[in-house]
Structure formats: structure tokens, C-alpha cells
Amino acid sequence: RSIGDDAIGLTHRDLDISDRDAVFETFDRENFEAVLNCAAYTNVDGAETNEEACYAANAFGVENLALASKQNDCVFVTISTDYVFDGSKRGFYTQDDAPNPQNVIDVFKARTGLAVNELNPLAGSGDEIEAIKANKDNPGPSAPDVIDVGLSFGPSAKAEGLLQKYQVATWDSIPDSAKDAEGFWWGDYYGVLSFEVNTQVVQNVPQDWQDLLKPEYNGMVALAGDPRTSNQAIQAVYAAALANGGSLDDAQPGLDFFKQLNEAGNLKPIIATAATVAAGETPITIRWTYNALSNRDTTAASGGPEIAVVVPASGRFAGVYVQGISAFAPHPSAAKLWQEFLYSDEGQNVWLKGYCHPIRYENLVADNKVPQEQLDKLPDVEGAVFPTLDQLNKATELITKGWDGTVGANIQ
């Protein structure tokens with residue numbers, strides 16, 4: 001305005017950018033020459049539970065503004081996320097900067113420009129399955145195109161008719177034990193359960209499962225999910241069984257261990273996140289190695305407390321996650337391209353950067369497709385055991401049905 005131009009500021013009350021008709025009507029009325037979009041859903045934690053509002057502002061709204069600008073020959077500038085960059089640049093990023101996304105979904109989006117509906121990555125496997133059921137007739141952002149769930153959830157989702165067949169180009173290099181013979185689900189990656197510890201709060205970092213029962217850890221130990229629905233939490237109980245006299249065929253000692261932990265007052269009945277660990281609210285969290293190590297790096301980069309990640313001396317348990325395409329996917333073609341990227345050599349190596357062991361790991365190593373620096377960053381998981389699908393199904397049923405009666409803690 002100071003240089004003679006007329007500027008119009010519109011709030012959300014003035015214009016809901018997710019309403020395409022309202023956007024086009026506003027452009028027709030105002031005859032804009034240039035538009036600067038500063039609207040965004042910026043609550044990262046909130047976006048995990050309020051996906052529709054996030055998509056409305058950050059995807060559909062921006063699309064509406066871009067289309068209206070094109071139709072009206074109007075200059076359009078939008079303030080966007082920097083997540084497709086690596087964060088190493090000093091100062092602002094511009095459209096001329098080369099993207100260098102740091103996680104697999106952002107690499108795919110930057111490469112293809114395609115959107116794939118993905119449920120909150122912190123959601124439990126059961127929650128992802130329920131999202132398909134609840135959104136069969138909903139083509140919006142709440143309807144997942146793909147799922148990333150624990151091994152036992154793949155066959156059950158297939159049995160319920162929730163998945164569609166697909167086989168990626170590298171199908172033959174996926175171990176037979178980690179995929180459905182008909183192509184309804186397929187292994188993705190695996191990790192080992194570990195202790196994620198805020199060393200600012202915990203002076204003596206626990207090294208094994210029995211350590212968690214010590215009085216000094218009163219009110220400190222938490223799970224990263226609800227063991228009645230979360231694959232990660234279920235398998236944490238399973239792992240505890242291995243360290244307390246159980247076996248891959250006997251998960252009951254795991255429930256008994258968590259009963260002890262709860263009765264001792266050491267188990268904190270909330271679902272732990274990276275934020276609660278960093279804040280000291282859940283200073284000892286049982287979590288997959290790849291999640292814990294990623295949280296460690298993120299916390300350090302933000303100036304937070306030092307996080308230690310410990311693979312326990314006993315009860316080393318490896319868990320496989322699987323992918324599948326929803327039978328009701330709103331974007332089935334994009335979902336298939338996403339799978340092709342995930343299972344390419346490049347996609348599998350992106351998992352390695354995030355401390356995951358990709359399902360094609362042995363194939364990649366045999367073909368010298370894994371950079372040595374990535375191998376060097378992986379944690380020592382020697383001795384970790386993998387349950388068979390049958391063992392996992394039986395353990396999952398025992399733990400999900402027996403948690404309330406044996407442990408009695410309502411994790412939420």
C-alpha cells in the first residue's frame with residue numbers, strides 16, 4: 001500500500017480456501033493481480049489427529065487458489081513447507097533450491113508430485129485397519145490409500161476383504177515368509193524393540209528388561225501405543241516374555257512382567273510420543289529402534305535433552321511391518337506407484353537412512369547396493385529373533401485379550 005498498490009487481507013472468516021466455489025467467486029469479484037497465500041495448518045501434532053483440516057488448508061486450499069490464479073492470469077505465491085529440504089541451508093528456501101527430502105514419503109512426493117493418503121504414522125495397526133472400514137465410501141483424506149501395519153494385521157485385513165492384489169516389480173526379492181502368496185500384502189521393513197531414554201531425567205540408563213522394575217524408575221516407563229490395538233505395544237509385551245522365561249510360543253510371561261511393572265508403579269499409562277520423552281513425561285519408552293533413533297536425532301537437532309537408545313541385552317525381538325493397498329483406495333494408481341518406489345533400490349535405501357532394515361536388505365547387501373556409511377549407522381541387533389506368522393497371531397490374540405485381565409492398565 002505504501003507504494004500505491006491496493007492490498008486486501010482476507011481472514012479465514014472472510015474466505016474458506018477449501019471451498020472452491022467461494023475461492024473462484026472471490027477472484028472474479030476482486031480482480032486480483034497477485035495473491036500471496038499465508039494460510040496453512042501449522043500444528044504438526046494436531047495434524048496427526050485432525051487430518052481433514054490439515055488437508056483442507058495445506059492441499060485442497062492451495063490447489064483451489066492455484067487454479068483460480070491460473071484462470072484469472074494472476075501471480076500466485078504460497079508459503080509452503082520446508083520438509084522437502086534437508087534443513088542445512090542458512091536462511092530462506094526458494095523455489096530454485098534443490099529439494100533433498102529426508103523421509104521416504106517426502107522423497108516420493110517430491111519425485112512424483114503425487115499425493116497418497118496416509119494415516120497418522122503414529123497410529124496403531126488396528127487404527128489403520130479401522131480407518132479403511134470407516135471410510136469405504138469416503139474418497140476424502142481420511143480414507144487411506146495404503147496401510148503400514150504389523151505382520152499379523154496383513155492376513156486379517158485380507159480375510160476381511162480390505163486389501164487389493166498387487167505385486168511390485170521387485171516382488172521376487174521379498175522373502176516368501178514376509179509376503180502373501182497371492183499379493184494382498186507384503187513385508188516392508190523391520191526393527192528391534194529398544195529403550196528410548198531421556199538421560200536428563202534418568203541418571204542410570206536401563207540396559208535390560210529386569211532393570212525396568214527398579215524403584216528408581218517409578219512412574220517413568222511407558223509404551224508407544226495401546227497393547228490392545230497397537231502392533232508396537234503388543235510386540236513390546238511379546239519381547240518382555242522372551243526376557244522373562246517365555247518363548248516365541250509362550251507370551252504369557254510378558255503379560256506377567258507388565259503386571260509387575262504396573263503394580264510397582266513404574267508403568268505410566270499414557271501413549272508415549274517423542275515429545276513426551278523429550279519433556280520428561282515418559283522418560284523411558286519402549287519403542288522400535290528406528291523410531292527411537294530418529295527421535296534422538298530430531299530432539300538433538302532442536303536443542304533438546306540427550307536421548308539414549310538401548311537395545312536390551314535379552315529379549316531381542318524383531319518385528320516386521322507390511323504394506324497393502326486398500327480395496328477402497330481413493331488414489332489406487334498413485335498407491336501402486338508409491339509401492340513401486342518403496343520397493344525399488346532407492347526406496348529401500350531411504351528406509352536405511354531412517355535406521356530401518358528394509359525387507360530387501362539381504363538382497364541389497366548381496367548386490368552391493370547399500371552404502372557402507374548407512375550400514376555403519378545401524379544399531380547392533382545381534383541375536384534378535386523373528387516369530388513366525390502363526391506364533392505372532394497366537395501371541396497377539398493372547399496379549400490383546402489378556403491385557404485388561406492380567407495387567408489392568410488403561411494405556412491411552
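User: In this predicted model, which side chain meets Glu-196 in a salt bridge?

Analyst: Happy to start there! Glu-196 is in strand E5 (residues 186-198), and its partner is in strand E8 (residues 284-288), 91 residues apart, so the pair links distant parts of the chain. Both side chains are buried. At 2.5 Å from N to O, the partner of Glu-196 is Arg-287.

User: How many salt bridges does the structure hold?

Analyst: Side chains of opposite charge can pair when their charged atoms come close. One of these cases is a network that links Glu-130, Lys-133 and Glu-160. For the structure, the count of salt bridges is 16.

User: How far apart in helix H15 are Asp-390 and Lys-394?

Analyst: These two form a salt bridge, with their closest N and O atoms 3.3 Å apart. An α-helix has 3.6 residues a turn, so residues three or four places apart point the same way. Asp-390 and Lys-394 are four residues apart in helix H15 (residues 389-406), and therefore their separation is about one helical turn.

User: Is Lys-179 buried or exposed?

Analyst: Good one to check with a cut-off! Lys-179 forms a salt bridge with Asp-176, the closest N and O atoms being 3.6 Å apart. Asp-176 has a relative accessible area of 63%, so Asp-176 is exposed. Buried means under 20%, and Lys-179, at 11% relative accessibility, therefore counts as buried.

User: Which residues make the nonpolar surface patch of about 370 Å²?

Analyst: Let's begin with one member, Ile-79, which is in the loop between strand E2 (75-78) and helix H4 (104-112). Ile-79 has a relative accessible area of 53%, and because exposed means over 50%, Ile-79 is exposed. The patch is made by Leu-36, Val-75, Val-77 and Ile-79.

User: How many disulfides are there?

Analyst: A disulfide needs a pair of cysteine sulfur atoms within 2.5 Å. Among the residues to look at, Cys-74 is buried with a relative accessible area of 10%, and Cys-356 is buried with 4%. By the distance rule, the count of disulfides is zero.

User: Which helix has the lowest mean pLDDT among the elements of the protein?

Analyst: The protein averages a pLDDT of 87, and 85% of the residues score at least 70. Where pLDDT is low, the predicted coordinates should not be read in detail. Helix H8 (residues 252-263) has the highest mean, 98, while the lowest, 50, belongs to helix H2 (residues 44-47).

Terms used
Residues are numbered from 1 along each chain as its sequence is written. This is a predicted model: local features need pLDDT of at least 70, side-chain atom pairs count only at pLDDT 80 or more; totals for chains, interfaces and linings use all residues. Side-chain values use heavy atoms; hydrogens and water are left out. Patches are made of residues with over 30% relative accessible area and no salt bridge: like charges are joined within 9 Å, nonpolar side chains (Val, Leu, Ile, Met, Phe, Trp, Tyr) within 5 Å. Accessible areas come from the Shrake-Rupley method with a 1.4 Å probe; for residues, only the protein chains shown count as cover. A salt bridge is a side-chain nitrogen of Lys or Arg within 4 Å of a carboxyl oxygen of Asp or Glu. Helices (H or I, at least four residues) and strands (E, at least two) are DSSP runs, numbered from the N terminus. Buried means under 20% relative accessible area, exposed over 50%, partly exposed in between (1.4 Å probe, protein chains only). pLDDT is the predictor's confidence in each residue, from 0 to 100.
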